[in-house]
Amino acid sequence: MIRRPPRSTPSNSSAASDVYKRQMEKYREGQRAATIGIILNFILASGKIFFGIIGKSSALITDGIHSASDIITSFAVFLGMKIAKKPPDKEHPYGHGKAENIAAKTVAIILIFVSLEIVYLNISHITDKHIHLPASITVWVAIASIVLKEGLFQYKISIGRKINSSSLISDAWHHRSDAFSSLIVLVGITGAKVGGTRFAFLDNVAAIIVGVIILVIGIKLFIKTSAELMDKMPENKILKQINTIALSVEGVKDTETLKARKIGLDIFVDIHIEVDKDITVKEGHNIARNVKNVLKERIPLIKDVLVHIEPFYPDDHIKNLY
C-alpha cells in the first residue's frame, strides 16, 4: 500500500492565510496614507504658491514648491506600495517588496534636487533691489501649513513604523521638513514685515535655510535607502530578538549563523541552528519547523525564515551572528 504524503493541516493553511491578509492590510494602510498625503499636499501647494504670488513672498512660493514635491514623493510611495504588494512569481520568488525601497530612494533623490533648486534661486534673488515686502495673508498661510504638515508627519510616521515602511517613513520626514520650512518661512516673513524694506531680504534667507534643511534630509534618506537596497542587516535589537527566540525553542542547543535582510515591509531571515547530533532527520526537521513558526509568530515583520541544521559540538564551532 502506497502512503501519500500528509496534507497541510487546516490550521497551517489558516495561519498562512492570516499572514497574507495581514500583509495585504499593511500595504493598503500604506497606500491609504500616501493617498491622503497627495490630496492634502495638492491643496497646500496650490494655496501657498497662489498666496505667495499675490502676497509677494519668495519664501512662501518656495515652500509651495516644496509641498508640490511632496505630491510627487507621495505618489512614488503609493506606486511603490502598489507594486510591492504583488505576490511572488516565477521571476520574483522573493516577491516585489524591493519596489517599496526603490520608492523610498526616489523620494530622497527628489528631495535633493528640489533643495538645490530652492537654494540656487533664492541666492540669485537675495541681491534683487526690487524686493517687495510680503503681505499679511502670507503669515496666516504659513501658520496653517505648519499645523497641517506636522499633523501629516505624525500620521504617516506612526503608520510607517507600524508597517515597517521605509518609503512611508521617508515621506513622513518630508512632511516634517515642510513643517520646519513653513516655520522658517513664518519667521522670515514676520522679520521682513516688522523690519521694513531694509529687512525684506529675510524672506529669501528663510527660503535658503529651508532648502538646506531639505538637502540634509534628502541625503540622509538616500544613504539609508541605499543601505536597504544593498541588503543591510536590520538593527541589532531585532537580530538579538531573533537569536533569543530561536534559542528558546526546545531542541535548539545553540545558533551558529544569523543573517537577515529587509525586502519591502518584510524581513527575511537565514539562521543556522545546532541540535543534538544523534537525533533523526525527522526530529531535526521538526525543530527547524518550530523555529520558523515561532519566529514568524513572535515577530510579525518576519515574512520567511530559512533554517539550516547543524550538529552541536560544544566549544567546537565558529559563531557568525551580528
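Helix 7 and helix 8 cross in a right-handed manner (helices are DSSP runs of H or I, at least four residues, numbered from the N terminus; right-handed means the near helix is turned clockwise from the far one by less than a right angle). The model is predicted: local features need pLDDT of at least 70, side-chain atom pairs count only at pLDDT 80 or more, and totals for chains, interfaces and linings use all residues. Residues are numbered from 1 along each chain as its sequence is written, and side-chain values use heavy atoms, with hydrogens and water left out.

Stay with that first pair. Helix 7 spans residues 236-248 and helix 8 spans residues 281-298. Their axes lie 9 Å apart, at an angle of about 135° (axes are lines fitted to C-alpha atoms over the stretch in contact, and angles run from 0 to 180 degrees between N-to-C directions). Helix 7 is therefore oblique to helix 8 (under 35 degrees is roughly parallel, over 145 roughly antiparallel, 65 to 115 roughly perpendicular, the rest oblique). Helix 7 contributes I242, I245, A246 and S248 to the contact; helix 8 contributes V291, V294, L295 and R298 (contact means heavy atoms within 4.5 Å). Six of these residues are nonpolar, one is polar and one is charged (Ala, Val, Leu, Ile, Met, Phe, Trp, Tyr, Cys and Pro count as nonpolar, Asp, Glu, Lys and Arg as charged, the others, Gly among them, as polar).

Now turn to helix 5. Its axis and that of helix 6 come within 8 Å and cross at roughly 170°. The two helices are therefore roughly antiparallel. Their crossing is right-handed. From helix 5, the contact includes W173, I184 and V185; from helix 6, it includes I209, I213 and L221. By class, this contact has 13 nonpolar, seven polar and three charged residues.

Helix 5 also packs on helix 2 (residues 58-84), with axes within 10 Å and a crossing of roughly 170°. That makes helix 2 roughly antiparallel to helix 5. Among the residues that meet are H66, D70 and V77 in helix 2, and H174, D178 and V185 in helix 5. Here the classes are six nonpolar, 11 polar and four charged.

Last, the largest pocket. Its volume is about 560 Å³. Of its 20 lining residues, N164, E228, P234, E235 and K262 are the closest to its centre. Helix 5 (166-195), helix 6 (202-229) and helix 7 each give two or more residues to the lining. Helix 6 gives the most, with three. The lining has nine nonpolar, four polar and seven charged residues.

Note on methods: On a 1 Å grid over the protein atoms alone, a cavity is a set of points where a 1.4 Å probe fits but cannot get out, and a pocket is an open set with protein on both sides within 12 Å along at least five of seven lines; lining residues have an atom within 4 Å of a point. Grid points are joined across faces, edges and corners, and a volume is the space filled by probe spheres set on the points.
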